[in-house]
Amino acid sequence: MADYQQPIDKAKQLVVSIENLGDNLELGTNSNFTFITDRQNGILPAIAQVFPNAEHRYCIRHIHDNMRREWRQTEYRDYLWKCASATTISEFEHIMREFSFYEKEACEWLKKIPPQHWARSHFTAVSDVLLSNMCEVFNGKIEHGRDKPVIGCLEYIREYLMKRICNVMKEMKKAKGPLTPTATTLLETQITQASQYIARWNGGNKYEVTGNLQDQHVVDVKNNTCTCRRWELSGIPCKHVIATLNEMVKNSEDELDIYKWIHKVYFLETWQNSYSLRWANKGESHVAQKPKKKRRQSEGERLSKSQRGSQGATQEAGFTLGADGVKKLLRKHVSVTCGKCKNKRHNSTTCKGQGGRQART
């Protein structure tokens, strides 16, 4: 019974963990974020349950690690990466056929993994990422803090992130924009390759782009698509799109504004805003502080404290606050006048004729 119950409990734990992740990142159930995992059992149904609109991908490096257990040659790795990097379904199927001719058994093993989880040709989100390197780098950086107690480990992570954010901000100041340095490099590469392509207008919103080796594609400037699908996947205009944009402005007085065709995620301003939110929330800056040592007081304790404060204030003025909330005169420092001798500091009951002696004196 315990062995049967264990996978159910693990599945529930995965769902709870993903729900907590969504709460921390303020993700709604309709969020269409992309998750990249290492094919751990149970993650796929858990993500589908919590975020039904999200896209789930497998890290190619982990798929290759599983493949290496039986097929270690470099050719297997190359075929895997060619299949994963193909951006169109026809190109993907062509490379898979070549892989089948080379090693049918290995190709059949790879076919068992749904291509929508690892091949670019089947991706739908605006992201062409195939690896989980960002997480792996982070895990490597916090390796020395894992053996510490919980508080010490969190403090180690906080210090590392603080240093990293400062380094990134220094790189931001060096960047000349309007795009991030990486996006600028990718765009320049596509611009260089676009010079080898010729675009022809079809009379509507589409252009036919032809290059070397019969590399022919169709660009739709109205729907922002290209049949090579690189523009849709990366958000950066491919060489076919850039050739089309050059043709569009050739017979026009307008200058080419290529930046309006690039996804906003690649702009330097977006990069700066994403890191500024780590330090400020809703316009208020927050600095990491240690947790408070004093416990939180109840409403009754806070009320009693405020009453004592009010009582102290009234005492300074010569009054005290009674149980019924009515101010009463304090007897301390109040001069009493005797009704017999009319002298102060005693009353008629304790009067011993001080008035006569004082009068004679």
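## Basis of the model

Residues are numbered from 1 along each chain as its sequence is written, and side-chain values use heavy atoms, with hydrogens and water left out. Because the model is predicted, local features need pLDDT of at least 70 and side-chain atom pairs count only at pLDDT 80 or more, while totals for chains, interfaces and linings use all residues.

## The buried face of helix H6

Helix H6 spans residues 104-111. Helices here are DSSP runs (H or I, at least four residues), numbered from the N terminus. Three residues of H6, Ala106, Cys107 and Leu110, are buried; that term means under 20% relative accessible area, whereas exposed means over 50% and partly exposed lies in between (1.4 Å probe, protein chains only). Seen down the helix axis, the buried residues fall within an arc of 100 degrees, so they line one face of H6. The arc is that of the directions from the helix axis to the C-beta atoms.

Other helices cover these buried residues, including H3 (60-67), H4 (74-85) and H5 (89-102). Contact is counted when heavy atoms are within 4.5 Å.

The whole structure has eight salt bridges. A salt bridge is a side-chain nitrogen of Lys or Arg within 4 Å of a carboxyl oxygen of Asp or Glu.

An α-helix has 3.6 residues a turn, so residues three or four places apart point the same way. Glutamate 108 is partly exposed at 34% relative accessibility, and lysine 111 is also partly exposed, at 45%.

Helix H8 (residues 150-174) holds glutamate 155 and arginine 158, again three residues apart and about one turn of the helix. Their salt bridge has its closest N and O atoms 2.5 Å apart. Glutamate 155 is partly exposed, with a relative accessible area of 35%, and arginine 158 is partly exposed as well, at 30%.

How values were computed
Helix = DSSP H or I, 4+ residues; strand = E, 2+ residues; numbered from the N terminus.
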